Amino acid sequence: MAFLETVSLGKVLLDDTVPLSATIEASQSIQSHTEYIIRVQRGVSSECTWQVIRRYSDFDMLNNSLQISGLNLPLPPKKLIGNMDREFIAERQRGLQNYLNSITSHPIISHCELVKKFLDPSNYSANYTGELSVKFLIMSILVFVVWFFF
């Protein structure tokens, strides 16, 4: 999508330069896993808000893809036994919220297509595996340049 596009064929196109914010509003246990209900907002207008539902494995997949940048992002660790305990789920939800805060406030990662796909699947394709390694390389270089010079 182009930078600052306007109306085309009666449809207002997305200005993806506006930052996203994300808040985990709730969690729900479904059989053997937990889903997290995330409210996402584009900019400051409450009119541009939607929900996405993500599992821990979705966060883990995003994190594995973003680790190529060399950043240490605060994703809570996996837990195989006792991961359906209410206290554990509440603690993990706090950790996932910290993770979301980190990626949405980061000056480069927040504009990464992977993050946008994760938070806004209706405007971006949700196929993480189709990403080109060149995009990761460019993101890594940008992170290095920002880290080195600032």
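Colleague: What is the volume of the largest cavity, and what makes it a cavity?

Modeller: The volume is about 40 Å³. On a 1 Å grid over the protein atoms alone, a cavity is a set of points where a 1.4 Å probe fits but cannot get out. Grid points are joined across faces, edges and corners, and the volume is the space filled by probe spheres set on them. The structure holds one cavity of 30 Å³ or more.

Colleague: How do you know which residues line the largest cavity?

Modeller: A lining residue has an atom within 4 Å of a point. The residues lining the largest cavity include Asp-16, Pro-19, Arg-42, Thr-104 and His-111. This is a predicted model, in which local features need pLDDT of at least 70 and side-chain atom pairs count only at pLDDT 80 or more, while totals for chains, interfaces and linings use all residues. Residues are numbered from 1 along each chain as its sequence is written, and side-chain values use heavy atoms, with hydrogens and water left out.

Colleague: What makes a pocket a pocket, and what is the volume of the largest one?

Modeller: A pocket is an open set of grid points with protein on both sides within 12 Å along at least five of seven lines. The largest pocket has a volume of about 250 Å³. It is lined by 15 residues, and the closest to its centre are His-33, Tyr-56, Ser-57, Asn-83 and Arg-92. E4, H1 and H2 each give two or more residues to this lining.

Colleague: Is Asp-60, in the salt bridge with Lys-78, buried or exposed?

Modeller: Buried means under 20% relative accessible area, exposed over 50%, and partly exposed in between (1.4 Å probe, protein chains only). Asp-60 has 14%, so it is buried, whereas Lys-78 has 58% and counts as exposed. Their N to O distance is 3.1 Å. Asp-60 is in helix H1 (residues 56–66) and Lys-78 in the loop between H1 and helix H2 (86–105), 18 residues apart.

Colleague: How far along helix H3 are Glu-113 and Lys-117 separated?

Modeller: They are four residues apart in H3 (residues 113–119), which means about one helical turn. Glu-113, at 31%, is partly exposed, and Lys-117, at 5%, is buried.

Colleague: Why is H1 described as largely enclosed?

Modeller: Eight of its 11 residues are buried, so the rest of the structure largely encloses it. Among them are Tyr-56, Phe-59, Leu-62 and Leu-66.

Colleague: What makes a set of residues a nonpolar core?

Modeller: The members are buried Ala, Val, Leu, Ile, Met, Phe, Trp, Tyr and Cys residues joined through side-chain atoms within 4.5 Å. The largest core has 25 residues, and those with the most contacts inside it are Phe-59, Leu-66, Leu-100 and Ile-103. E3, E4, strand E5 (49–55), H1, H2 and H3 each supply at least two residues of this core. H2 gives the most, with five.

Colleague: Which residues does Phe-59 touch?

Modeller: Contact means heavy atoms within 4.5 Å. Leaving out residues up to four places away in sequence, Phe-59 touches Ile-24, Ile-38, Arg-54, Leu-75, Leu-96, Tyr-99, Leu-100 and Phe-118.

How values were computed:
A salt bridge is a side-chain nitrogen of Lys or Arg within 4 Å of a carboxyl oxygen of Asp or Glu.
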